[in-house]
Structure formats: C-alpha cells, structure tokens
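Me: I would like to learn how to read a few features of a protein model. Please give the general idea each time, then the case.

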Amino acid sequence: MGSARAQSRFHNRPRWTVRFISFVIVLLWPIGYIALARYLPNPSDGMLRAKPIIETPARPINPPSDLRAPPPQAPQAPKANPPPITTVTVTAKTKTTTNNLQRNLNLDRNHPSGPHDPTSIRRSSKPHPPTLSKEKSSTLCAKGGARSKGDGDYRMLSMVKNHLPPPSQASSSKSKLFCGIYTYAGNHETQVKAVHDSWAPNCDGFAFFSTEADRSLGTVEISHDGEEGWNNMWQKVREIWSFVHAAYLEDYDYFWLGGDDVFLIVENLKKYLESEEIVKLKEGGKGLYIGSRKKEGGNMDKIFNAGGSGYILDRAALASLAKQLPICWPGQVGFWEDVNIASCLKKENVHAIDTRDELGGERFNLFNPGHLYNYRPPTKNPEKDWYVKYTFGLKVGLDCCSDNSVTFHYMKAPLLKRAYALLYQCGDLDAPED
C-alpha cells in the first residue's frame, strides 16, 4: 500500500510542477508587464516611453515638519517621512510653465466680469475698519477666556498695537505693495472671507490665487501641473509668481505672498520697507528677498525665508525669480516651495536677509500670537526641536517677537477677525504682561 502511494506521488509530480509554474506565471505577469511597459512603444505618439525625470530634492529625505503644518503645543520633529519625491511632467522643462502662464492669463482676461482688478478690495465702498457692534465688541475685545493660558493672543497683540504707526503714515507711503494669498475654493467662505474683510484692503494691490475665480472676493484662478494640494505647493507657487510677474511687475514696488491663514500688518511692513536699513540694501540693485530667515536643519549654508509667515520680493528680485522659474526645479512635486524659492534666487545672487529688530525679536512670525507667547523649548534635548534648530537666536515670551511685528501664522478665521478687532477696532488695550 505504501509502495503504491509512493509510486503514485512519483508519477504525479510532473503534473503538480506544471500547475505550480502556471500559478506563478498568472500571479506575476501583471508586474512584469508594468515593468516592461516603460520601454514599450506608446501608441499615442509612436515614441518610446521615457523614464520619469526624478529630480534631486531640495530638502533632505527626513526634514522637520513643514512650517505650514498645524502648530503643535510643543513643536517636535516628525516621526513620519515626507511624501516621496516625484515629478509631474516629462516634457521640455520650459514648455510647461509657459503654457500654464498663458492659460492663467487667458482665464483672467476672459472672465465674464473682466480681468481681476487688484485695487478693487482697497477701493471698496465699505467703511474700513468698520465699527464693531456692542455684542461683537464684548466678545472680540475682552481680555481673558478667549484662549487658554492667560489669553496670549491679547497679550502679544496689545504689545504690537501700542507701537502701531498711525494710519496716515501708512497711507502716505511712497512704496506700492502688492499682496497675494494662495488658497482654494473650499476656503472661500471661511479663511478668504476673513482676510478679505480684515487686513486685505490695507494693501495697494491684492489677489487671492485659488482654484476658482470669484470677482466678489477677488480670487484669481491659477492652474498648475499636478494635483491641487499641500503636497504639490511648489507647482502652485511657481505658477503664482509667474502670473504676478507677467501681470503686475511694473505696477508695484514690493510683492508679498503667503497663505490664507496669515495675518499681515501692512502698516508695520511698509514702515520696515521704508526704513534706512532696507533703503540702503535696495540701493545695491540685486533684489530684496525678505521674510522669516531660517537655516534648514541648522545648516548655515541652506538659508531660506519660511513660507508660512509669507515673504516679500522687490521688483528686481521678482524679475530674477521669473528668469529661473522655467529651469529651477521645474518638474518637482513637494510642499517645500519656500526652500525652492531660496534655491532659485540664490542662482541669481539674491539671498534672504536678517529681518529681526534691534532686540532680536522676529518681525515675521511662524505661529499665532498666543502660541508664541506660551511656547517654551523642551527641557530635554532642545536641540532636537526643529523650531530651535531652524531659528536664529530663539527668544520666548514677549521677547520672541518684535514690537513692530509684520505677520502671524496659523490664524484660523475666528482668530483673524479677533486680531483685526484688537489691532484696529477695540480702542486702547491693557499693557502686555510677561
């Protein structure tokens, strides 16, 4: 019996071998086909399909969390890796940008209501700033209780308000400032409306660069390579700067760009741009690149202006950037637009400058007022905290920020409204306490 079973297994072995090989072939053929497809002729163009262009990333493989990510209570280096470096096109490097720029200009010019007027928000017939009702005044202007830990927003903004130049000084400024915000249609009724109704009219020219055009809000539709999203912010920002250069270069002296969660104090920005320090730097003619100067990973050879708090280019710097955009990281997908902008400008010998005040306080702030007021570096291994590592001469509490602060970041719509009320509508505020 045992001998017969052994003989049966022996004679059946070839049959089972064939079945096993057939199973492996069926399982693996799709993988092999995909691998070979990269080299097979493409019927649509009759050419061999090229391998994707993989560009060297401007940031390291494991960078700290992006400066536009939601602020943690105590910023820490992330545990997860960033999205993989990919590309969005294998076409000629200069062609894609040119095509998108022309399409964006045509979308704007052919809008049913006509091209976007960047002065429309400033020329609004609404009184600015509007008078607060008693109900809103009691909610927005009251000290304490609005946020935890002693209402750090109130304390920080009261320090800034007490040094705010009078409106007449800003309105008499000789420098014309264009302000741009990148956003998307999903934020039109929240972040966009909050900015539109608060600080936006203080700019000489203004535009929201979005996925949809809405002339009532001042949004301009911008198309770009790849998907819409935070992980593809570089492609969006490079198309925005190309559009600004083509449409507004000769109309303004300075150009500011930031996200829809930034509060910009225009009076303080104009005061800084007309300071002796900036005027002297501008005389060099190479171009000015102004913002929150950081050192990537603590590396002094990799200096950039953090995108989270927004940054400014003068006319010369914008012209230099426009020359580089078609050839500088053209096919890269990533959220690190700020690092790429610095890399592109560096090729034109335009570098970020130190914008801290005489006491070392930051003018361009990466977090909201309350978070900055309460933030303290971790007591254990502070050098591992990305904010400590990236920042020059870190200060905390009220000392962190300049009396003449220009921007605050991570401002959701309710906080944008409250900041505007505290700075412009609530009258005198109590002196800050540290």
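Me: Where does Ser 292 lie?

Reply: Helices (H or I, at least four residues) and strands (E, at least two) are DSSP runs, numbered from the N terminus. Ser 292 sits in the loop that joins β7 (289-290) to β8 (293-295). This is a predicted model, where local features need pLDDT of at least 70, side-chain atom pairs count only at pLDDT 80 or more, and totals for chains, interfaces and linings use all residues. Residues are numbered from 1 along each chain as its sequence is written, and side-chain values use heavy atoms, with hydrogens and water left out.

Me: Is Ser 292 buried or exposed?

Reply: Buried means under 20% relative accessible area, exposed over 50%, partly exposed in between (1.4 Å probe, protein chains only). Ser 292 has a relative accessible area of 0%, so it is buried.

Me: Which residues is Ser 292 in contact with, leaving aside neighbours within four places in sequence?

Reply: Contact means heavy atoms within 4.5 Å. On that basis Ser 292 touches Phe 304, Asn 305, Ala 306, Ser 309, Glu 362, Phe 364 and Leu 366. For Phe 364, the side chain of Ser 292 reaches its backbone oxygen at 3.3 Å.

Me: What do the buried residues of helix α6 pack against?

Reply: In α6 (residues 188-196), the buried residues are His 188, Gln 191, Val 192, Ala 194, Val 195 and His 196. They pack against β3 (205-210), β4 (219-221) and α14 (413-425).

Me: How many helices and strands does the chain have?

Reply: There are 14 helices and 12 strands. Of the 434 residues in the chain, 49% are buried.

Technical notes:
Polar contact = N/O pair within 3.5 Å; in protein donor to acceptor, adjacent residues only side chain to side chain.
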